[in-house]
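Good morning, and thank you for coming.

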Amino acid sequence: MQRICVFAGSNPGNRPEYREAARALAKELVACGLGVVYGGGSVGLMGVLADTVLECGGEIIGVLPRGLFRQEVAHTYLTALHEVGSMHERKALMSDLSDGFIALPGGFGTFDELFEITTWAQIGLHHKPIGLLNVAHYFDPLLALVEHASVEGFIASSHSRLLLVQENVSELVAGMISYTSPAYESKWVELPPER
Ligand code: AMP
């Protein structure tokens, strides 16, 4: 495992715990020799994460859609900044560059990235670990929704276990490093080439 992609709010949130968690996660990833891929912005928890990785001398790679988020210009000192043509390309590149994914607290953008990457795992497009840092129980309502969907028959219990949930940063990162993908039946069917 070389790099982890972190999804995180473009806002800092209302509790100091959220910023502290972004800092702690950045420090832990650098301490474990892992590079960080993220959305490229300098605002909110994303900015806290990037600043801390840079302070600690770690690798941080931003992936930004060209022309978007101009007002929150990306960090000038990132290890690398990839500019891509669309939000879709961005997610694909963030995924290609990373060996695992962690979500910090955030809003719609973070939920979208988390659920898309989990959907890709569910259909077997990748077998990389997906972690949720459940800071101050921020993700409890989301986890309750996932449990509800599972009880109601919309999410297989094997798929709901794709999310590694931890409140503790070092346990989450250790869990990501030692992760082996569960064996489950993929819904993804390779079609024969068209004639
Ligand atoms: P949100 O949780 O709605 O604040 O969105 C945060 C996620 O969406 C991040 O993980 C980014 O990949 C992306 N994103 C949203 N706003 C920005 C921004 N201003 N700069 C860069 N990426 C952003």
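What span should the 12 residues of helix H2 have, and how far apart are its end C-alpha atoms? The expected span is 1.5 Å times one less than the number of residues, so helix H2, residues 44-55, should span 16 Å. Its end C-alpha atoms are 17 Å apart, which agrees.

Some conventions are needed here. This is a predicted model, in which local features need pLDDT of at least 70 and side-chain atom pairs count only at pLDDT 80 or more, while totals for chains, interfaces and linings use all residues. Residues are numbered from 1 along each chain as its sequence is written, and side-chain values use heavy atoms, with hydrogens and water left out. Helices (H or I, at least four residues) and strands (E, at least two) are DSSP runs, numbered from the N terminus.

Is helix H2 mostly covered or mostly exposed? It is mostly covered, with 9 of its 12 residues buried, where buried means under 20% relative accessible area with a 1.4 Å probe, protein chains only. Among the buried residues of H2 are Leu45, Leu49 and Val53. The elements that cover them include strand S1 (3-7), helix H1 (16-31), strand S2 (35-38) and strand S3 (60-65). Just after H2, Gly57 takes a positive phi of about 75°.

I turn now to the interior. A nonpolar core is a set of buried Ala, Val, Leu, Ile, Met, Phe, Trp, Tyr and Cys residues joined through side-chain atoms within 4.5 Å. The largest such core has 29 residues, and Leu49 and Leu133 are among those that touch the most other members. S1, H1, S2, H2 and helix H7 (169-177) each supply at least two residues of this core. H1 gives the most, with 7 residues. A second, separate core of 22 residues includes Cys5, Phe7, Ile61 and Leu114.

Leu133 leads us to strand S6, residues 130-133. In a regular strand the side chains alternate between the two faces of the sheet. In S6 both faces are covered: Ile130 and Leu132 are buried on one side, Gly131 and Leu133 on the other.

Which strands pair with S6? Pairing requires that DSSP finds at least two bridges between two strands. Strand S5 (residues 101-103) pairs with S6 in the parallel sense over 3 bridges, and Ile102 has Gly131 as its bridge partner. S6 also pairs with strand S7 (residues 163-166), in the parallel sense over 4 bridges; here Ile130 stands opposite Leu163.

Methods. Buried means under 20% relative accessible area, exposed over 50%, partly exposed in between (1.4 Å probe, protein chains only). Contact means heavy atoms within 4.5 Å.
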